[in-house]
Amino acid sequence: MTIILGIETSCDETAAAVVRRESPDAPGEILSNTVYSQISDHAAYGGVVPEIAARAHVEGLDAIIARALAEAEMTFDNIDAVAVTSGPGLIGGLLVGLMTAKAIATARGLPLIAVNHLEGHALTPRLTDGLEFPYLLLLVSGGHSQILLVEGLGTYRRWGTTIDDALGEAFDKTAKLLGLPYPGGPAVEREAAKGNPKRFALPRPMKGEERLDFSFSGLKTAVRREATALAPLTDADIADLCASFQAAVTDTLADRMRRAFARYREEMGDGAADLVVAGGVAANTAIRTMLANLCAENDFTLHAPPLNLCSDNAVMIAWAGLEHYERGELATLDIAPRSRWPLDPAAEALIGAGKRGAKA
Ligand code: KG4
Ligand code: ZN
């Protein structure tokens, strides 16, 4: 039996969780999942303010860890190891989580496991669905838009990434320029449901290109141009702009995923294949529906973790930590946080990609 405490502070969620499993062949079990979302702390600024985030982690983390242990009906005595996000993300927040984890590890004599936040997202369906390697991963969040081949624990190949904004960031910036609240994704989706997706002919960036990368900043600029030309905007204008934006995004993603499926078939052959979608943008119903249809057409099974495990949480960190712990992959106490930490070290850094290094 292995029991892991996970800690996540890389962006604007202060989170702790406890997971366990009987043996490496058994399914994992979530014993607690505690998240304090700082959304209200950042809403006035239309985005995450790193300094505010770091301070909020300092204020909240101890209580969140205590709650995660209490909900799991455990104390530090029951824990086998502490897993903590040590990158990528906002350095101030990462420091708070990492120093707290080091303190617990030192005081309680527990092993420390350094987890890559992106790997946490990537491995979640192994906990929720017992998914076997390999599989394709579409990670779309406020800080990342990536297509990855997940070959095995610690073996990831990045097939595509954004060359400018992350998809969630594009939703957030579009919402902001239309005067909608933060976070922008849910607000844009709500407005889009009322609007006409055909009213504005917005660009489909990168569509038709061979490489599997994304670009979203031109799309956001096109929305700004339309909005400026129309100002002052009516409610119908806003709804139509959101619907047209969401349609453009969905279309672009579909084009990239079709190509990713084709590449997967070329490299991995026919037969059973799986697509995992993760990150906060995976909450979007239009995007989920498109992915479900595309998977059905291409003989892929779609795995979308429940929404609370799709967006940032500590269960995914505890789980990734557990998989590494079982293989004896531990960190030393001198480990430093990394604001950048690509899952695929062989993938070249693309200009602008993950430039905020902020969210994943
Ligand atoms: O994974 P996440 O919770 O946090 C990180 O970015 O790490 O993702 C948050 C992002 C935000 O940009 C938010 O606007 C976007 O996910 N998002 C959505 C929706 N819900 C959240 N984007 C589109 N449609 C949604 N329903
Ligand atoms: Zn994330």
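The model is predicted. Its largest pocket holds about 630 Å³ of space. Residues from both domain 1 (2-127 + 308-326) and domain 2 (133-307) line this pocket, so it lies between the two domains.

**Largest pocket**

- The lining comprises 28 residues; Pro-183, Pro-186, Gly-280, Val-281 and Ser-311 are the closest to the pocket centre.
- Four elements each supply at least two lining residues: strand 3 (29-37), helix 5 (167-177), helix 6 (184-192) and helix 10 (307-310).
- By class, 11 lining residues are nonpolar, 11 are polar and six are charged.

**Cis peptide bonds**

- Most peptide bonds are trans.
- Gly-87 and Pro-88 are joined by a cis bond, with omega about -15°.
- Pro-88 sits in the loop between strand 4 (81-87) and helix 3 (91-108).
- A cis bond also runs from Ala-231 to Pro-232, where omega is near 0°.
- Pro-232 belongs to the loop between helix 7 (217-230) and helix 8 (235-268).

- Most residues other than glycine have a negative phi.
- Glu-73 is not a glycine, yet its phi is positive, at about 55°.
- The loop between helix 2 (50-71) and strand 4 contains Glu-73.
- Glu-73 counts as exposed because its relative accessibility is 73%, and the cut-off for exposed is over 50%.
- Met-206 also has a positive phi, near 70°.
- Met-206 lies in the loop between helix 6 and helix 7.
- Met-206 is buried: its relative accessible area is 11%, and buried means under 20%.

Definitions and conventions
Residues are numbered from 1 along each chain as its sequence is written. Chains are lettered from A and ligands numbered from 1 in the order in which they are written. This is a predicted model: local features need pLDDT of at least 70, side-chain atom pairs count only at pLDDT 80 or more; totals for chains, interfaces and linings use all residues. Side-chain values use heavy atoms; hydrogens and water are left out. On a 1 Å grid over the protein atoms alone, a cavity is a set of points where a 1.4 Å probe fits but cannot get out, and a pocket is an open set with protein on both sides within 12 Å along at least five of seven lines; lining residues have an atom within 4 Å of a point. Grid points are joined across faces, edges and corners, and a volume is the space filled by probe spheres set on the points. Ala, Val, Leu, Ile, Met, Phe, Trp, Tyr, Cys and Pro count as nonpolar, Asp, Glu, Lys and Arg as charged, and the others, Gly among them, as polar. Domain bounds come from an automatic or database domain assignment. Buried means under 20% relative accessible area, exposed over 50%, partly exposed in between (1.4 Å probe, protein chains only).
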